[in-house]
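Here is a short briefing on one structure.

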Amino acid sequence: AWYQRRVRGLSSQILPTINGAVHRTMMLALLLLVLSDSVQPAAVERSTVEADHNWKMVWSRADERDFVQSSGSLSRDLNALTISLWVKDTKGYDHSGYLYYTNSQGSFVLGLYRYRGNLYLRFGTGNSRYTACTDCISYDSTWKHIVVTWSGNGAANGIGAFWVNGKKIHQFSNFMKDHVIPSNQGPVYLGKLDSSSYRFKGELAYLNVYAVNISTAEQVRELSRASTDDPAAVMSWADFV
């Protein structure tokens, strides 16, 4: 092999009188040095956002150029919604955008984000189009499972809730009744919103979107176990990794 020829050439010049045991030791060391020179670092895709073994994504900096885009759009219209994700937010006090969905013209359709200790669910633009739970989440750098639900039809029309680590921390009503989130628009983005202030820093994992409004603690526990490719999701973590 090429590396054997290289090692033999080096050893014949600098080790002509060394005994056999030391000779073999030096040859092995030189062989390891040559092989290490040929190892290339792993490529980092999607700007500096790094996919870590396909189960989480890491934003090592807060930069508006760093986001992840889904491979497709929502596959169906949604008149009910559940978003489930694991997040380790290391940005601290400032805004953090988790999920952002636009229409085909790039206008705001759906967003999930944090500001200080508040979580926000927003549809479109305007103050009447968002709901929030205030002082409901810590912004320390620990993993949290977040679930946000909403319904725009039936007996639960306008009703939804925020869940953190299996506990319902806020319930709302009369929000966006009879609203429909359109399908087949723009992509879904992770780690951004419509403003550079919402650039994300930290880690995200197992973000899945469902076309139902779940309502029980057992359902939330089941979502916390969802992984890469959930067949029940209209958009799953596999659409991003």
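Helices (H or I, at least four residues) and strands (E, at least two) are DSSP runs, numbered from the N terminus. The model is predicted: local features need pLDDT of at least 70, side-chain atom pairs count only at pLDDT 80 or more, and totals for chains, interfaces and linings use all residues. Residues are numbered from 1 along each chain as its sequence is written, and side-chain values use heavy atoms, with hydrogens and water left out.

**Loop residues with positive phi**

- Asp178 sits in the loop between β11 and β12 (188–190).
- Its phi is positive, about 60 degrees, although Asp178 is not a glycine.
- Asp178 has a relative accessible area of 60%, so it is exposed. The classes are buried (under 20% relative accessible area), exposed (over 50%) and partly exposed (in between), with a 1.4 Å probe and protein chains only.
- Asn165 lies in the loop between β10 (160–164) and β11 (167–172).
- Asn165 is not a glycine either, yet has a positive phi of about 50 degrees.
- Asn165 counts as partly exposed because its relative accessibility is 46%.

**Sheet**

- An open sheet holds 6 strands, in the order β3-β12-β5-β6-β7-β8, with antiparallel pairing. Two strands pair if DSSP finds at least two bridges between them.
- β3 (68–69) and β8 (130–133) are the edge strands, and each pairs on one side only.
- Strands of a sheet pair through backbone hydrogen bonds, either parallel or antiparallel.
- Strand β5 (residues 96–102) runs antiparallel to strand β6 (residues 108–115), and 6 bridges join them.
- Tyr101 has Leu110 as its bridge partner in β6.

**Nonpolar cores**

- A nonpolar core is a set of buried Ala, Val, Leu, Ile, Met, Phe, Trp, Tyr and Cys residues joined through side-chain atoms within 4.5 Å.
- The largest one has 41 residues, and Leu81 and Leu121 have the most contacts inside it.
- Strand β4 (residues 80–89) gives the most to this core: 4 residues.
- Another core lies apart from it, with 9 residues, among them Val147, Tyr210, Ile214 and Val220.
- Not counting residues up to four places away in sequence, Leu81 touches residues including Leu110, Leu121, Phe123, Trp150 and Ile181. Contact means heavy atoms within 4.5 Å.

**Disulfide**

- The count is 1 disulfide, taken as a pair of cysteine sulfur atoms within 2.5 Å.
- Cys133 is joined to Cys136, S to S 2.1 Å.
- The torsion about the S-S bond of Cys133 and Cys136 is about 45 degrees, so the disulfide is right-handed.
- Both Cys133 and Cys136 are buried.
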